[in-house]
Amino acid sequence: HAFEPELVSNRDSFEPIRSIIELPQPLEAIADMVQRLRMDRSVGAVTSEAIWARDIFMVKLFVSNPIRLRNMAALTWSRDNVDSRKPTDRGSLYQRTDGSWWLFVPKHLLKNRRSKTIREYDSPVHQSVWGDLERYLLRHRNDLMRWPTDLVFLNRKRDPARVESVRK
């Protein structure tokens with residue numbers, strides 16, 4: 001406690017979203033954003049529609065399960081993600097046998113992993129996200145894939161090996 005006056009936070013983590021947090025109903029702004037995203041669907045353009053599906057799913061997942069960006073970017077999924085006793089066997093985004101979707105982040109990947117009170121993150125994804133999750137994973141994710149990966153969130157970038165070979 002003696003050092004508390006000397007501790008200075010590097011940043012205000014709420015600053016980027018302060019205008020939303022200060023609204024009377026902050027989640028209405030998020031719901032409005034999702035509705036605007038839905039209306040902006042690119043029909044007929046395969047890649048654009050895949051990005052559209054990914055973005056809606058991503059926004060809804062962040063609201064359902066507000067984990068750190070680093071953990072969100074590292075989420076994995078396997079098409080054969082059977083519910084098993086070992087989370088690593090099923091990917092960090094997995095579906096249980098009852099049809100529910102869950103997120104798993106092992107303790108060693110969490111920011112406060114050294115704390116004795118912190119456990120692994122194994123939490124359900126809200127049911128309102130499932131339809132968008134399944135649309136992206138089962139129908140559109142492959143349209144963004146350029147090389148085999150189990151990462152959930154993909155973007156349309158070139159294969160690093162091809163980029164390097166072009167530079168040489």
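## Charge, core and surface in a predicted model

Lys111 is partly exposed, because its relative accessible area is 49%, and that class lies between buried, under 20% relative accessible area, and exposed, over 50%, with a 1.4 Å probe and protein chains only. This is a predicted model, in which local features need pLDDT of at least 70 and side-chain atom pairs count only at pLDDT 80 or more, while totals for chains, interfaces and linings use all residues. Residues are numbered from 1 along each chain as its sequence is written, and side-chain values use heavy atoms, with hydrogens and water left out.

### Two surface patches

Lys111 is placed in the loop between strand S2 (101-105) and strand S3 (121-124), where helices (H or I, at least four residues) and strands (E, at least two) are DSSP runs numbered from the N terminus. Together with Arg11, Arg68 and Arg70, Lys111 forms a patch of positive charge on the surface. Patches are made of residues with over 30% relative accessible area and no salt bridge, like charges being joined within 9 Å and nonpolar side chains (Val, Leu, Ile, Met, Phe, Trp, Tyr) within 5 Å. Lys and Arg count as positive and Asp and Glu as negative, whereas His and the chain ends are not counted; the place of a charge is taken as NZ of Lys, CZ of Arg, CG of Asp or CD of Glu.

A nonpolar surface patch of about 400 Å² is made by Phe14, Ile17, Ile20, Ile21 and Leu23, with accessible areas taken from the Shrake-Rupley method with a 1.4 Å probe, and for residues only the protein chains shown count as cover. One of these residues, Ile20, is in helix H1 (residues 18-21), and Ile20 counts as partly exposed because its relative accessible area is 31%.

### The nonpolar core

A nonpolar core is a set of buried Ala, Val, Leu, Ile, Met, Phe, Trp, Tyr and Cys residues joined through side-chain atoms within 4.5 Å. The largest such core has 28 residues, of which Phe57, Leu93, Val125 and Val152 touch the most other members. Helix H2 (26-39), helix H3 (46-64), S2 and helix H6 (130-144) are the elements that give two or more residues to this core, and H3 provides the largest share, seven residues.

### Salt bridges

Side chains of opposite charge can pair when their charged atoms come close. A salt bridge is a side-chain nitrogen of Lys or Arg within 4 Å of a carboxyl oxygen of Asp or Glu, and by this rule the count comes to eight salt bridges. Three of them are listed here.

| Salt bridge | Closest N and O atoms |
|---|---|
| Arg38 and Asp132 | 2.9 Å |
| Glu49 and Arg41 | 2.4 Å |

Asp132 is buried because its relative accessibility is 4%, whereas Arg38, at 29%, is partly exposed. In the second pair, Glu49 is buried at 13% relative accessible area, while Arg41 is partly exposed at 34%.
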